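Thank you all for coming; I would like to walk through one model this morning, going from its sheet to its cores and then to a few individual residues.

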Amino acid sequence: MTQSLRIGIIGAGAIARGAHIPNYQNYGEHVVVVGVANHNLHKAEACAEEFAIPHAYERYEDMLHELELDAVSICTPNKFHAEQAIAALEAGCHVLCEKPPAISPEEAKRMKEAAEKSGKILMYGFHYRFHSEMETLKRFIDEGELGDIYAVDASYNRRRGIPGWGVFTNKELQGGGTLIDNGVHMLDAALYLMGYPTPKTVLGSTYQEIGTREGVGLFGEWDYENFSVEDMARGMITFTNGASLQFQSSFAANIEEKDVQHLQIMGNEGGAQVFPLKLFQEKHDTLLDVTPRYLKDQDPHQHLLHHFIRSILGETVPSSTPEQGLVLQTIVHALYESAKTGKAVEL
Ligand SMILES: NC(=O)c1ccc[n+]([C@@H]2O[C@H](COP(=O)([O-])OP(=O)(O)OC[C@H]3O[C@@H](n4cnc5c(N)ncnc54)[C@H](O)[C@@H]3O)[C@@H](O)[C@H]2O)c1
């Protein structure tokens with residue numbers, strides 16, 4: 001590669017500064033972050049100074065117009081993902097958009113259509129796919145070691161992990177709480193390992209039992225007076241291939257652990273739990289538990305960002321697709337809808 005890839009960042013907050021910018025900058029000299037936009041210009045300027053980024057903008061539209069970017073990271077609150085990703089795609093950029101894809105299936109569909117029209121990559125920030133445990137298990141699944149996967153349990157629970165920064169407890173800006181924030185990581189991980197089957201029926205419940213009162217904050221002090229999202233979500237999703245997925249996530253719940261992810265995959269030839277990775281099989285009249293002796297030590301955020309670059313360079317295929325983003329967003333929406341009506345949603 002002779003010419004550098006020119007990258008722009010929209011949203012100069014925690015994930016941009018903690019994961020996107022440093023991991024573009026440590027890719028190598030041929031990837032350069034040339035601009036950062038934040039609707040609060042001071043934040044954009046402070047970020048530009050901290051990371052030696054030459055241009056800071058208040059309006060992301062100006063950055064897209066002026067800098068001739070090859071790719072853009074969208075690191076803003078969920079409400080802005082669709083509008084900004086579509087604008088970047090229309091400006092001819094590849095896009096890495098943070099999770100969740102958007103706040104509604106209609107938006108995720110428009111993002112998919114914009115990606116198809118532009119011919120550019122639209123990938124989502126599902127970094128759980130890049131954990132060593134996930135990558136290893138996916139290889140086993142792809143080789144048929146688990147057979148047909150028909151039952152999955154996925155959960156991501158925190159005891160008092162309501163984010164004390166950003167707008168994570170603001171329904172209008174985020175589209176929801178634990179389900180659309182930490183929950184979507186585990187939902188996507190489960191669907192990815194299942195091969196993203198087509199959802200059929202969705203039954204969900206959401207709760208707001210702890211977030212609206214003062215309490216011990218293990219993820220910072222949250223704004224309980226303006227807490228407008230769910231602090232727990234539960235659900236059951238069935239698929240047209242007969243498989244089913246049980247789901248639960250919480251920002252806050254009265255459980256033992258501070259923060260715990262659980263993903264259990266059951267197939268007719270074998271099963272697995274992912275965190276930590278263990279496989280369960282029956283071979284030669286023997287029940288076996290298989291534990292890997294060695295797993296690569298890798299930073300999933302770095303791996304995701306570098307994968308995005310390598311996808312742009314044509315060295316690999318994007319890990320997530322706009323179509324998967326639409327399926328995920330459809331399930332999330334159906335869980336919220338079912339929780340509201342008390343009825344299962346047929347898709
Ligand atoms: N993959 C992960 O593990 C992970 C972790 C944290 C956050 N995220 C996602 O990243 C996104 C941002 O989260 P965060 O923790 O960085 O939040 P944050 O609040 O720290 O940062 C968001 C930034 O966007 C800016 N902003 C708000 N509206 C804007 C607009 N219209 N245009 C431009 N900038 C705007 C804010 O001023 C802020 O600087 C969210 O979608 C979140 O779900 C992903």
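Predicted model: local features only at pLDDT ≥ 70, side-chain atom pairs only at ≥ 80, totals over all residues.

Helix α10, residues 322-341, lies across β8 (199-207), β9 (232-239), β10 (244-250) and β15, and runs at about 50° to β8. The angle is taken between N-to-C directions on a scale from 0 to 180 degrees, with axes as lines fitted to C-alpha atoms, for helices over the stretch in contact, and contact means heavy atoms within 4.5 Å. Helices (H or I, at least four residues) and strands (E, at least two) are DSSP runs, numbered from the N terminus.

Residues are numbered from 1 along each chain as its sequence is written, and side-chain values use heavy atoms, with hydrogens and water left out.

Now to the sheet itself, which is open and mixed in its pairing, with 9 strands in the order β14-β13-β12-β11-β7-β10-β9-β8-β15; two strands are said to pair if DSSP finds at least two bridges between them. Which strands stand at the edges? They are β14 (286-290) and β15 (345-346), and because each has a single partner strand, one side of each is left without a neighbour in the sheet.

Let me follow the chain through the β14 end of that order. Strand β12, residues 270-273, pairs with β13, residues 278-283, in the antiparallel sense over 4 bridges, with Gly270 bridged to Gln281 and Gln273 standing opposite Lys278. The two strands are joined as a hairpin through 4 residues, and in this loop we find Pro276, whose peptide bond from Phe275 is cis, with omega near 0°. Strand β13 then pairs with β14, again antiparallel, over 5 bridges, and there Leu279 faces Val290 as its opposite number. This second hairpin has 2 residues between its strands, and His284 in the turn has a positive phi of about 50°. His284 is also exposed, at a relative accessible area of 76%, where exposed means over 50%, buried means under 20% and partly exposed lies in between, with a 1.4 Å probe and protein chains only.

There are two related features elsewhere. Lys99 and Pro100 are joined by a cis peptide bond with omega of about -10°, and Pro100 sits in the loop between β5 (94-97) and α5 (105-118). Glu68, in the loop between α3 (60-66) and β4 (71-74), has a positive phi near 50° although it is not a glycine, and at 66% relative accessibility Glu68 counts as exposed.

Turning to the interior, a nonpolar core here is a set of buried Ala, Val, Leu, Ile, Met, Phe, Trp, Tyr and Cys residues joined through side-chain atoms within 4.5 Å. The largest has 69 residues, and those touching the most other members are Met111, Leu137, Leu187, Leu193, Leu245, Leu263 and Ile265. Helix α8, residues 179-194, gives the largest share of this core, at 11 residues. At least three residues come from each of domain 1 (5-125 + 305-320) and domain 2 (129-297 + 327-346), the bounds being those of an automatic or database domain assignment. Apart from this core lies another, of 25 residues, including Ile21, Ile53, Ala71 and Phe130.

Leu137 deserves a look of its own: leaving aside neighbours within four places in sequence, Leu137 is in contact with Leu146, Leu193, Ile265, Ala272, Val274, Leu277 and Leu279.

Is Tyr196 buried or exposed? At 12% relative accessibility, Tyr196 counts as buried, and beyond the residues up to four places away in sequence it touches Arg129, Asp188, Leu191, Gln324, Val327 and Leu328. Of these, Val327 is 131 residues from Tyr196 in sequence, yet the two are 8.1 Å apart in space, C-alpha to C-alpha.

I will finish with the annotation. In an unreviewed entry, UniProt lists residues 135-272 as "domain: GFO/IDH/MocA-like oxidoreductase", with positions given in the numbering used here, a shortened feature name, and the caution that annotations may be inferred rather than shown by experiment. Over that range the chain is 20% helix and 33% strand, and the end C-alpha atoms are 13 Å apart.
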